Each structure stands twice: as C-alpha cells, then as structure tokens.
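Open the model in your viewer and keep the selection tool at hand. We will go stop by stop.

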Amino acid sequence: MKRTPALQPLSREHLTALLVARDLKAADDLDAAAARFLTFWDEDGKYHFRIEEEVLLPGWAADGELDREGVARLAAEHLTIRSEALRLRAGRLSLTQVRALGELLHDHVRFEERVLFPAAEAALDEESLARLEAAIEAAEVEAERDGRCSGSGLAGEGRRGGS
Ligand SMILES: [Fe+2]
C-alpha cells in the first residue's frame with residue numbers, strides 16, 4: 001500500500017536507517033561500524049526519533065485511536081536505541097553488540113513500516129492526516145535548521161531501495 005503523504009518523509013528516512021542497519025549487522029570492524037552508526041544518529045536518526053515522538057504520536061493521539069501496544073513498543077525500542085547510542089559513543093559496545101544494534105534497528109523500522117504506520121493511517125481521517133502532514137513537514141524543516149544533514153550523504157542510495 002502506498003504510504004500516506006503525511007508519513008512519507010519518515011518512511012524515506014527509514015530507507016536510510018535500513019541501510020545503516022544492514023551495514024551494522026554485517027560489520028567486522030568495530031570502529032568503522034561505530035562511526036557509521038554515530039554519523040547516522042547525529043545527522044539524521046535522533047531528529048527522526050524526535051519527530052515520531054513529539055509530532056507523530058501526539059498528533060495521532062489527538063485525532064484518532066492510538067495503537068497503544070504499538071506505541072509502547074516504539075517507546076521501548078527508541079529508549080534502547082538511544083541508550084545503545086550513548087554506550088557506543090563511550091566505547092562500551094562490542095562488535096557483537098553493535099551487530100545486535102543493527103538487528104534491533106532493522107526490526108524496529110520494519111515494525112513501524114508494517115504495523116505502526118498502517119495503524120496510524122487506518123485510525124486517522126483525511127483531515128487529520130492533512131494536519132499531521134503539515135506538522136511533520138514543519139518539524140522536518142525545523143530539524144534541518146537545527147543542523148540535521150538530511151540523508152547523511154545517503155539520500156540517493158536510500159531512495160533507490162524499496163521497503
Ligand atoms: Fe521511525
């Protein structure tokens with residue numbers, strides 16, 4: 001099913017995250033994998049998480065029935081990925097743990113694309129989705145202003161993939 005326009009910016013960002021996840025899962029050099037993840041995180045991932053938590057979820061809750069179980073999974077996985085990012089930056093993750101972070105990132109993105117986003121689309125009417133689209137667009141612009149480097153140099157590669 002084609003993603004509703006409101007969620008398309010987030011879905012495009014998921015393509016970049018999947019490429020990073022793929023590289024982490026196959027990593028054989030800890031330093032290179034750490035640099036790969038932290039560049040993605042600093043330039044893209046952390047802004048994406050904020051937009052989902054601060055714009056998508058409240059906008060959805062304001063206008064429609066939340067998938068509470070799905071939202072709980074999102075929150076738990078965001079927390080784990082954030083804490084693993086902290087540990088990775090501090091040099092506290094092994095190569096095995098970095099590969100596991102890749103697995104988690106991959107499964108998390110797949111869950112959002114296959115379960116959570118379709119649930120949001122089903123719960124919201126056209127007017128609500130239009131409101132959400134404007135809010136997410138504004139948040140994306142704000143993130144760029146705050147220093148996000150969109151696509152982490154992966155934009156072209158990211159747009160090629162399917163999901
Ligand atoms: Fe996401």
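Select α3 and α4: their crossing is left-handed, a word used when the near helix is turned anticlockwise from the far one by less than a right angle, with right-handed for clockwise. This is a predicted model, where local features need pLDDT of at least 70, side-chain atom pairs count only at pLDDT 80 or more, and totals for chains, interfaces and linings use all residues. Residues are numbered from 1 along each chain as its sequence is written.

Helix α4 covers residues 95-123. α3 and α4 pack at an angle of about 155°, with their axes 10 Å apart. Axes are lines fitted to C-alpha atoms, for helices over the stretch in contact, and angles run from 0 to 180 degrees between N-to-C directions. That angle makes α3 roughly antiparallel to α4 (over 145 degrees; under 35 is roughly parallel, 65 to 115 roughly perpendicular, the rest oblique).

Now show the side chains here. On α3, pick Gly 70, Arg 73, Leu 74, Glu 77, Thr 80, Ile 81, Glu 84 and Leu 88. Their partners on α4 include Val 98, Leu 101, His 108, Phe 111 and Ala 119. Contact means C-beta atoms, placed from the backbone, within 7 Å. Colour this α3–α4 contact by type: 11 residues are nonpolar, three polar and four charged. Ala, Val, Leu, Ile, Met, Phe, Trp, Tyr, Cys and Pro count as nonpolar, Asp, Glu, Lys and Arg as charged, and the others, Gly among them, as polar.

The crossing of α2 and α3 is left-handed.

Which residues of α2 meet α3? Among them are Phe 37, Trp 41, Phe 49 and Leu 57. On the α3 side, look for Val 71, His 78 and Arg 89, among others. The residues of this α2–α3 contact divide into 10 nonpolar, one polar and three charged.

Zoom out to the whole chain. There are six helices and zero strands (DSSP runs numbered from the N terminus: H or I of at least four residues for helices, E of at least two for strands). The C-alpha trace spans about 50 × 30 × 30 Å along its principal axes.

Finally, colour by burial. Buried residues make up 31% of the 163 in the chain. Buried means 20 or more other C-beta atoms within 10 Å of the residue's own, exposed 12 or fewer, partly exposed in between, with C-beta atoms placed from the backbone.

Methods. Two residues are in contact if their C-beta atoms, placed from the backbone, lie within 7 Å.
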